[in-house]
Amino acid sequence: MKKTVKDIDLAGKKVIERCDFNVPMKEGVITDVTRIEASLPTIEYILSQGASLILMSHLGRPKGKANPEFSMKPVADKLSEYLGKEVKFVPSDTVVDDAVRAAAAELKPGEVMLLENVRFRPEETENGAEFAKELADLAEIFVQDAFGTAHRAHSSTAGIADYIPAVSGFLIEKELKFLGEAVTDPKRPFVGIMGGAKVADKIAVIESLLEKVDTLIIGGGMAFTFLKAKGFEIGKSILDENGIDLAGDLMKKADEKGVAFMLPVDVVVADAFDNDAKSAIVAADAIPEDMMGMDIGPETSKLYGEAIKGAATVVWNGPMGVFEMPNFAAGTRAVAEALAECEGITVIGGGDSAAAVNQFGLDDKMSHISTGGGASLEFLEGKVLPGVAVIEDK
Ligand code: ADP
Ligand code: MG
């Protein structure tokens, strides 16, 4: 178990916290505040304990150079609104400078400031020790609450913990609880659902899940590489040419392990990659030569739904079809609804799967929606995330 902000005395302390304020912006205006809202419980808790708080995050890809387009200033303003108190912002092209040091030193208990975009510094993504120390010197305790970058060893996510003790915030605590339990001690039956565009992106996760699950459900674009490996014709469907042999191996491995391996039995096909394309429902072994698979079919949705509803733990990564197009969203919606109805623990990892669940308005029906796409995949692969490894053990 990792230490959290609740395990230490924060009164009168200077705390520096890594948040995930990598929010979508359009012309200087934040277009989605989900990540800011998610960060509030940890921030409010730290302040309520009488600590003074220095927040930091990256935003976009300024590529190691100061760039006003990626300034954290709009985030400071938005946070001020939410917290009902000023979040001080001291602009600095170097993130830390004498003015920033002075502002941090002057912070009183209950006061909060936000640093400029940590990726204005080229050393950040190289985990540069000097920059990590500059950040650490501003405070006495490091709070890690940015799961989305926890799979990267950067100065603000890992290096900083070489100089001051690190504990987790509530977001990381929740990620570790739900993803961690699924990986180490899942309640059974444990159903894994994998989808999305390509097999190649997710092979390591599939391999790792095969060691743990009772049932593995495959949908989305990757399903066609598996169908191809079974010897079916898949028409113009998306195919990972290099992944065919591996897909065959994975199915063999599932068989040896006694894992139920579920592939689509029917498919929604279309004559073009277009919402308004001519479409049809066909059996998985009867995909016409000139059509492409866009979604799992209704019979498949029903079978997958039954398997999901009976599960005690479900981990889902990757949509079942091209859900961005309304005519090909039914399979993803059916799976999301089955998760919503499932009484077991339901965990969603992956940016697009999370977006789909939100789009269907089912987000509050899930046990946990991971905030880190790449980070949650690496976690499910069984990798140690550098930004998690630095957090002290209880
Ligand atoms: P996540 O972000 O949840 O990990 P991915 O990024 O792996 O998911 O995959 C999501 C993408 O996969 C979506 O943009 C979706 O349109 C695409 N996709 C799903 N099914 C198909 C398909 N049959 N053909 C092509 N693309 C697909
Ligand atoms: Mg994605």
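These legends describe close-up views of a predicted model.

**View 1. Tyr45 and Phe170 form an edge-to-face pair.**
The structure holds 2 aromatic pairs. In the pair shown here, the ring centres of Tyr45 and Phe170 lie 5.5 Å apart. Their planes meet at 65 degrees, so the pair counts as edge-to-face; the cut-off for that class is over 60 degrees. Tyr45 belongs to helix α1, residues 34-48. Phe170 belongs to helix α5, residues 170-184. The pair therefore ties together parts that are 125 residues apart in sequence. Tyr45 is buried, at 18% relative accessible area.

**View 2. Phe226 and Phe261 form a tilted pair.**
A pair of aromatic rings is described by the distance of the centres and the angle of the planes. For Phe226 and Phe261, the centres are 5.5 Å apart and the planes stand at 50 degrees, so this pair is tilted. Phe226 sits in helix α7, residues 223-229. Phe261 sits in strand β11, residues 260-262. The pair ties together parts that are 35 residues apart in sequence. Phe226 is buried, with a relative accessible area of 0%.

**View 3. A lysine charge sits over a phenylalanine ring.**
The residues are Lys177 and Phe178. The charged end of Lys177 is 5.1 Å from the centre of the Phe178 ring.

**View 4. Helices α6 and α8 pack roughly parallel to each other.**
Helix α6 covers residues 203-210, and helix α8 covers residues 244-257. Their axes are 10 Å apart, at an angle of about 10 degrees. The two helices are therefore roughly parallel; the cut-off for that term is under 35 degrees. From α6, the contact takes in Ile203, Ile206, Glu207 and Leu210. From α8, it takes in Leu246, Leu250, Lys253, Ala254 and Lys257. By class, this contact has 6 nonpolar and 3 charged residues, with no polar ones.

Ser208 is buried, with 9% relative accessible area. Ser208 and Leu380 are 172 residues apart in sequence. In space, their C-alpha atoms are 7.1 Å apart.

**View 5. A cis peptide bond joins Arg188 and Pro189.**
Omega of this bond is about 0 degrees. Pro189 lies in the loop between α5 and β9, the latter spanning 190-194.

**View 6. Lys63 and Lys65 lie in the loop between β4 and α2.**
Strand β4 spans 52-56, and helix α2 spans 73-83. Phi of Lys63 is near 55 degrees, a positive value in a residue other than glycine. Lys63 is exposed, at 71% relative accessibility. Lys65 is exposed too, with a relative accessible area of 58%. Leaving out residues up to four places away in sequence, Lys65 touches Arg119 and Phe120. Lys65 and Lys3 are 62 residues apart in sequence, and their C-alpha atoms are 34 Å apart.

**View 7. Asn127 has a positive phi, near 55 degrees.**
Asn127 is a residue other than glycine. Its place is in the loop between β6, 112-114, and α4, 129-136. Asn127 is partly exposed, with a relative accessible area of 27%.

Ala153 is found in the loop between β7, 141-144, and β8, 166-168. At 34% relative accessibility, Ala153 is partly exposed. Ala153 and Gly387 are 234 residues apart along the chain. Their C-alpha atoms are separated by 6.3 Å.

**View 8. Thr300 is buried in the model.**
Its relative accessible area is 1%. Thr300 lies in helix α9, residues 298-309. Thr300 touches Pro264, Val265 and Asp266, not counting residues up to four places away in sequence.

Technical notes
Residues numbered from 1 in each chain as written. Chains lettered and ligands numbered in written order. Predicted model: local features only at pLDDT ≥ 70, side-chain atom pairs only at ≥ 80, totals over all residues. Heavy atoms only, no water. Phe/Tyr/Trp six-rings, centres within 6.5 Å; stacked < 30°, edge-to-face > 60°. Helix = DSSP H or I, 4+ residues; strand = E, 2+ residues; numbered from the N terminus. Buried < 20%, exposed > 50% of the residue type's maximum accessible area, 1.4 Å probe, protein only. Lys NZ or Arg CZ within 6 Å of the ring centre and 35° of its normal. Axes fitted to C-alpha atoms, helices over the stretch in contact; angles between N-to-C directions. Parallel < 35°, antiparallel > 145°, perpendicular 65-115°, else oblique. Contact = heavy atoms within 4.5 Å. Nonpolar A, V, L, I, M, F, W, Y, C, P; charged D, E, K, R; others polar.
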